[in-house]
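Biologist: I'm new to this one. Please put it on the screen, and then let me ask how you know what you tell me.

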Amino acid sequence: MNKYLSDRTPLNRDTEDGRHPTCRERLYKKNLPAASVVLVFYNEALSVVLRTALTVLKESDPRLIHEVLLYDDCSTNDELKAPLERHIAKYPKIRLVRAAERGGLVRARLYSSREAREKFCSSWTLTVNLLQGGWNLYSSLSPRTGLLLRCPLWM
């Protein structure tokens with residue numbers, strides 16, 4: 001990851017709709033429940049954390065996002081302390097939870113899912129690429145049972 005370029009890329013950048021044409025035409029149920037999107041990170045660049053969280057909010061149907069939960073797995077990077085808290089204070093749907101000790105990715109995902117406030121929870125790493133309209137939180141609902149098989153679907 002190139003931190004120099006990431007820090008110079010706008011946080012609220014425009015993205016292209018890179019979905020396959022049949023994905024653009026797909027219709028989803030209108031009464032889907034909201035979900036918590038969990039972003040687990042450890043010593044990432046502040047710009048990457050913020051850009052990912054803001055893109056989730058920007059490219060999602062607001063009715064489907066209850067919260068974007070930023071789960072810090074005990075980062076030591078100073079820019080992820082007060083500067084991160086100042087940035088996210090402007091966004092009521094973004095919430096920060098900090099681990100008391102480093103647990104690693106698997107434990108962080110387990111612990112963060114306990115912190116999520118919604119029944120449906122999707123845990124991502126910050127390396128996810130979100131394209132305009134390029135994912136739908138519920139695109140992996142089983143048509144037969146309505147159960148979430150895996151999520152999200154991204155390009």
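**Salt bridges**

Modeller: Let's start with Arg98 and Asp72, whose side chains meet in a salt bridge at 2.6 Å, N to O. That pair ties together distant parts of the chain: Arg98 belongs to strand β3 and Asp72 to strand β2, 26 residues apart. Keep in mind that this is a predicted model, where local features need pLDDT of at least 70, side-chain atom pairs count only at pLDDT 80 or more, and totals for chains, interfaces and linings use all residues. Residues are numbered from 1 along each chain as its sequence is written, and side-chain values use heavy atoms, with hydrogens and water left out.

Biologist: Is Asp72 buried or exposed, and how do you know?

Modeller: Buried means under 20% relative accessible area, exposed over 50%, and partly exposed in between, using a 1.4 Å probe and protein chains only. Asp72 has 1%, so it counts as buried. Arg98 has 29%, so it counts as partly exposed. Salt bridges that share partners also join Asp72, Glu85 and Arg98 into one network.

Biologist: How many salt bridges does the structure hold?

Modeller: Six. One of them brings Arg95 and Glu67 together at 2.8 Å, N to O. Here too the partners come from distant parts of the chain, Arg95 from strand β3 and Glu67 from strand β2, 28 residues apart.

Biologist: What makes Arg95 count as buried or exposed?

Modeller: Its 17% relative accessibility does: Arg95 counts as buried. Glu67, at 3%, counts as buried too.

Biologist: How do you know that Lys3 and Glu79 meet in a salt bridge?

Modeller: Their N to O distance is 3.7 Å, so they pass the cut-off for the term. Lys3 sits in helix α1 and Glu79 in the loop between β2 and α4, 76 residues apart. Lys3 itself is partly exposed, at 35% relative accessible area.

**The sheet**

Biologist: What is the order of the strands in the sheet?

Modeller: The order is β3-β2-β1-β4, an open sheet of four strands with parallel pairing. The strands, like the helices, are DSSP runs numbered from the N terminus: E with at least two residues for strands, H or I with at least four for helices.

Biologist: Why are β3 and β4 said to stand at the edges?

Modeller: Each has a single partner strand, so one side of each is left without a neighbour in the sheet. On average, neighbouring strands are turned by 25° against each other, direction ignored; such angles run from 0 to 180 degrees between N-to-C directions, with axes being lines fitted to C-alpha atoms, for helices over the stretch in contact.

Biologist: How do you know that β1 and β2 pair?

Modeller: Two strands pair if DSSP finds at least two bridges between them. Strand β1 (residues 35-41) and β2 run parallel and are joined by seven bridges, so they count as a pair. Phe41, for example, has Asp72 as its bridge partner in β2. From β1 the chain crosses through helix α3 (residues 46-58) to β2, and this β-α-β crossover is right-handed.

Biologist: Why is a crossover called right-handed?

Modeller: Point the strands away from you: if the path from the first strand over the helix to the second runs clockwise, the crossover gets that name.

Biologist: What joins β2 to strand β3?

Modeller: Five bridges join them, and they run parallel. As for β1 and β4, they pair in the parallel sense over six bridges.

Biologist: Why is strand β2 described as largely enclosed?

Modeller: Seven of its eight residues (65-72) are buried, so the rest of the structure largely encloses β2.

Biologist: What makes the phi of Asn43 worth a mention?

Modeller: Most residues other than glycine have a negative phi. Phi of Asn43 is near 50°, a positive value in a residue other than glycine. Asn43 lies in the loop between β1 and α3 and is partly exposed, at 29%.

Terms used:
Salt bridge = Lys/Arg side-chain N within 4 Å of Asp/Glu carboxyl O.
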